[in-house]
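Please read the numbered points with the sequence and the model in view.

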Amino acid sequence: LRCKITMERASVLSLLLCVLFLGECCKGLLYPRESESREVKVLDGVWNFRADYSPGRNAGFVDMWYTEPLSDSGEVIFMPVPSSFNDITQNSSLRDYIGWVWYDRGFWVPKAWKDGKTRIFLRFESAHYNTIAWVNGKQVANHSGGHLPFEADVTELVSTGEENRVTVAVNNTLTPHTLPCGSVTHHGPPRYPEGYTVQNLQFDFFNYAGIHRSVKLYTTPATGHIEDITVTTSLDGNGSALLSYSVQTSDSKEVVVKVELLDRRGRLVGSAYSVGTRSKGCGITCESASLGLSANGSIVVSKPNLWWPWTMSADPAYLYTLVVMATVGTTSTDVYRLPVGIRTVLVSGTQFLINGRPFYFLGVDKHEDADIRGKGLDYPLIVKDINLLKWLGVNAFRTSHYPYSEELMDLCDRTGIVVIDESTAVGLQHVDNFANVTLEHHLQVMEELVQRDKNRPSVVMWSLANEPDSGLKEAEYYFKTVAEKTRSLDPTRPLTFACNHEYTDDLATQFVDVIAINRYYAWYSDAGHLEVISYQLSYELDHWFAAKGKPMIISEYGAGTIAGFHKDPAVLFTEDYQSQFMSKYFQVYDTYREKFLIGELVWNFADFETAQESTRVDGNKKGVLTRQRQPKAAALLLRNRYTALGQGKPPGSCHLY
């Protein structure tokens, strides 16, 4: 990305580092759900917006734009929230903008919320990348990193009877120590204009930015409210299940926690009582939990309905409702309803087991990406994507290369689509990317990710990163630390990361349970030569397994394709080549499916935007669908294969061997 800007390097970097090091540690961050004790007010809509085009990108801080309505600081434009700001206007300088952008809007607080018995929280589901928020001119939150939620208690800062104002500053500048990684290069005369700055990206997708997901106000009781819930499930050999829970509540003298488990028809399955005791921990460890009270217990389910992927059961994705009630004395009860699934995951030998049965990942890699909205949450789009995944026969996807919206994850829980949940760690390519400051941020990202998604039955594995330079000696300690941290946060799920190194020099896969490799034979190497695929992929699978002895997934393979392009014999970028390319990979997969290969994920579900490059024609075209979600020929090929395999049938005639 290139933008003609004038930037004082020190001021921008100092602001970035300020946000990076002052990022507040998140508490439980339960997804806001309404109940008898909780209300939710969504602040989505059209906000005021302006980009800071000052030479140092710091006029908003110098002139304190957050102390007054943003329109008083200068010209503002309309900006939808949620959305990326890049593609909303016809202004190329905003599309390619690097630096601080500012948002604000007014909101009203119901009088009942200021009764002295209620706490009010302001929550951001995601903003990319560094974010600072103010309410009525007072700073309430700062957060480093996109794609994960953060929130602040604003009870004492909001008023009734008059309009309140929320102001948000977001900076999308990427450095060697952000995740994803990037760098900034400065140029000048005589070959460039004064102050010409380039944002270098170390990944292959567009650096969309802005407030990408919903902004919400929600309430809880002032005392003894539920801050966090952790649920784990296990199966015994007698057909019963044990659901264990840990409930964190805010600091109080005495909190009694009652838990009820309801089936999908609302019938009581089991219940338990616990008295909160002072504790720092929770069931799946989250060090960011507050120093409140912890209530732990379990419920035995004698005849459980298990959560199954949709390709493994006639009644998949069974969800119970865990009703958690925290009561302080006789005056305050907080109620939270958490959807839960009973299921287990385990890597055993060369198999990946869900509820004790082998599971094969019939998958795709995705992106949160679409016309106009960029990475902004869009309900019609995510429902369309779920329908297309089912149409393709897909039973799993990887959240390449960052956590996806909680709304999409909810749909996966409800439909039985399995998720490999990936962190934001993409672009770890150079020695300075593995510095301690990056590592500390990576650990925080993993903590926030596990904290957010730990209770989701659809999430079966954590992906620590995508395509790091795992051959560097610095990578060994780095990934050892990240893996150990993640296991301490959640010992119930296996670990992986997408590796593009050779088995001979990789230093990081020793710390994960499943080896995932990204391979593009006959595309990035030996381009156009389909005949080499079976030789090269078979050779590599054999040698990886001989060296590591772990189950494997092909986490990426794909060929760029312009929809409607055809040529016989097939050549690069035609639909014919993409179909034949994938078929050659299928041939190898079918040889190894009965050995140690546990899955295949095609790159990509749909075409997506990238930075402008001479090798990209308006984005990456490796999707089996267009960016507008229309199928290419390869989508029908994939659908035939996945549908047959998902039904336990041989692929048969859907191959083009």
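1. The second largest cavity is lined by R398, I420, E422, M461, S463, T496, F497, A498, A516, I553 and S555. Please note that the model is a predicted one.

2. Which element supplies the largest share of the lining of the second largest cavity? That element is β31, with three residues. By residue class, the lining of the second largest cavity comprises six nonpolar, three polar and two charged residues. The space inside the second largest cavity amounts to about 50 Å³.

3. How many cavities of 30 Å³ or more does the structure hold? There are four of them. The largest cavity has a volume of about 150 Å³. Its lining consists of 18 residues, and those closest to the centre are E368, D369, G376, L381 and I382.

4. The lining of the largest cavity also deserves a look by element and by class. Helix α4 (residues 379–392) contributes three residues, the largest share of that lining. Eight of the lining residues of the largest cavity are charged, five are polar and five are nonpolar.

5. The next feature is an open one, the largest pocket. About 490 Å³ of space lies within the largest pocket. Of the 23 residues in its lining, P358, F359, Y360, R593 and L645 are the closest to the centre. Elements giving two or more residues to the lining of the largest pocket are β25 (351–354), β26 (357–358), β34 (597–602) and α10 (633–646). The lining of the largest pocket divides into twelve nonpolar, six polar and five charged residues.

6. The last point concerns a pair of helices. The axes of α8 (residues 533–548) and α9 (residues 575–592) come within 9 Å and cross at roughly 35 degrees. Is the crossing of α8 and α9 right-handed or left-handed? The crossing is right-handed. From α8, the contact involves I533, S534, L537, S538, L541 and D542. On the α9 side, the residues in contact are F581, K584, Y585, V588, Y589 and Y592. Together, the contact residues of α8 and α9 comprise eight nonpolar, two polar and two charged.

How values were computed:
Residues numbered from 1 in each chain as written. Predicted model: local features only at pLDDT ≥ 70, side-chain atom pairs only at ≥ 80, totals over all residues. Heavy atoms only, no water. 1 Å grid on protein atoms, 1.4 Å probe; cavity = no way out; pocket = protein on both sides within 12 Å on 5 of 7 lines; lining within 4 Å. Points joined across faces, edges and corners; volume = space filled by probe spheres on them. Helix = DSSP H or I, 4+ residues; strand = E, 2+ residues; numbered from the N terminus. Nonpolar A, V, L, I, M, F, W, Y, C, P; charged D, E, K, R; others polar. Axes fitted to C-alpha atoms, helices over the stretch in contact; angles between N-to-C directions. Left-handed = near helix turned anticlockwise from the far one by under 90°. Contact = heavy atoms within 4.5 Å.
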